[in-house]
Amino acid sequence: SANRKFHPKDSIIEVGEQKLKVGHGNFALIAGPCSVESEEQIISVAKSVKAAGATMLRGGAFKPRTSPYDFQGLKADGIELLLEAKRETGLPIVTEIMNANHLPLFEDVDVIQVGARNMQNFELLKELGKTRKPILIKRGLANTIKELLMSAEYIMAGGNENVILCERGIRTFETATRNTLDLSAVTVLHELTHLPVVVDPSHATGVARYVKPMAMAAAACGADGLIIEVHNDPPHALCDGAQSLRPEQFEDVAKAVRRVRAAA
Ligand code: PEP
Ligand code: MN
């Protein structure tokens, strides 16, 4: 169970062949583009985020786009390119699954992401519960903390205890940001569950210049990691360019986050 009552100690999730630890003081700095777009793009972003201190590479291959006319991702080819970036850099990779039928394609993916839009796709969660892969599950656009925990429970009930929770902003009446980052969720979740909690300041704000202060705030309130969108050429990104950092901006954020963690 995700409930701390039954498991008072913080969980540590082990990721990839190198058994990279996440949780209980082990901080995950996950960075990369919203979508994998090309070999050059993903390899160059992977190398620069690694140099800046990222511990995992993110990149969408199957994209849950609001409009069916928007870029839907490179799909299986995108996963192949992520695997190439992993071979080049050694970074474990995180990518989103939308359909349990695609699971065979995720064999060598290190962390499978469940996006906000699929947080309550219970059939998908049950299938992921049969695997032993680390699952990063994002809070739904309009879901409560308790609902997020119940979704984690769906995965864990199948025997897969390797769950990482992600706060990525929720829908409120506010329109200045894409979503409203609910940072208190980090504190509440740490009280209710032993699972690691990471924060996504990119989708939470939708605005690149707001990412640094929210990343620092997440580190200050004890988040177990961050997932941040980074693109080599944000104005031309096929998805989420407005919230994507250039590699040198990510380097600055990574340094600021390390300063906050050292001071905490
Ligand atoms: C993403 O990580 O690119 C994504 C689609 O995020 P979310 O599910 O939080 O909207
Ligand atoms: Mn995105």
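This is a predicted model: local features need pLDDT of at least 70, side-chain atom pairs count only at pLDDT 80 or more; totals for chains, interfaces and linings use all residues.
Eight strands close into a barrel. Their order is β3-β4-β5-β6-β7-β8-β9-β10, and the pairing is parallel. Strands of a sheet pair through backbone hydrogen bonds, either parallel or antiparallel. On average, neighbouring strands of this sheet are turned by 25 degrees against each other, direction ignored. One pairing can be followed in detail. Strand β3 spans residues 28–32, and strand β4 spans residues 56–58. The two run parallel and are joined by two bridges. A31 has L57 in β4 as its bridge partner. Helix α2 packs on the sheet, where it touches β4 and β5 (93–96). The direction of α2 makes about 170 degrees with that of β5.

Helix α2 also meets helix α1. Helix α1 covers residues 39–51, and helix α2 covers residues 76–89. Their axes come within 9 Å and cross at roughly 40 degrees. Angles from 35 to 65 degrees fall between roughly parallel and roughly perpendicular, so α1 and α2 are oblique to each other. Their crossing is right-handed. On the α1 side, the contact is made by E39, I42, I43, A46, K47 and K50. On the α2 side, the residues are L81, L82, E84, A85, E88 and T89. By class, this contact has six nonpolar, one polar and five charged residues.

Ligand 1 has its own shell of residues. C34, G60, P64, G115, A116, R117, K138, R168, D200 and H203 lie around ligand 1. By class, this shell has three nonpolar, three polar and four charged residues.

Conventions:
Residues are numbered from 1 along each chain as its sequence is written. Chains are lettered from A and ligands numbered from 1 in the order in which they are written. Axes are lines fitted to C-alpha atoms, for helices over the stretch in contact, and angles run from 0 to 180 degrees between N-to-C directions. Helices (H or I, at least four residues) and strands (E, at least two) are DSSP runs, numbered from the N terminus. Angles under 35 degrees count as roughly parallel, over 145 as roughly antiparallel, 65 to 115 as roughly perpendicular and the rest as oblique. A crossing is left-handed if the near helix is turned anticlockwise from the far one by less than a right angle, and right-handed if clockwise. Two residues are in contact if their C-beta atoms, placed from the backbone, lie within 7 Å. Ala, Val, Leu, Ile, Met, Phe, Trp, Tyr, Cys and Pro count as nonpolar, Asp, Glu, Lys and Arg as charged, and the others, Gly among them, as polar. A residue is near a molecule or strand if its C-beta atom, placed from the backbone, lies within 6 Å of it. Two strands pair if DSSP finds at least two bridges between them.
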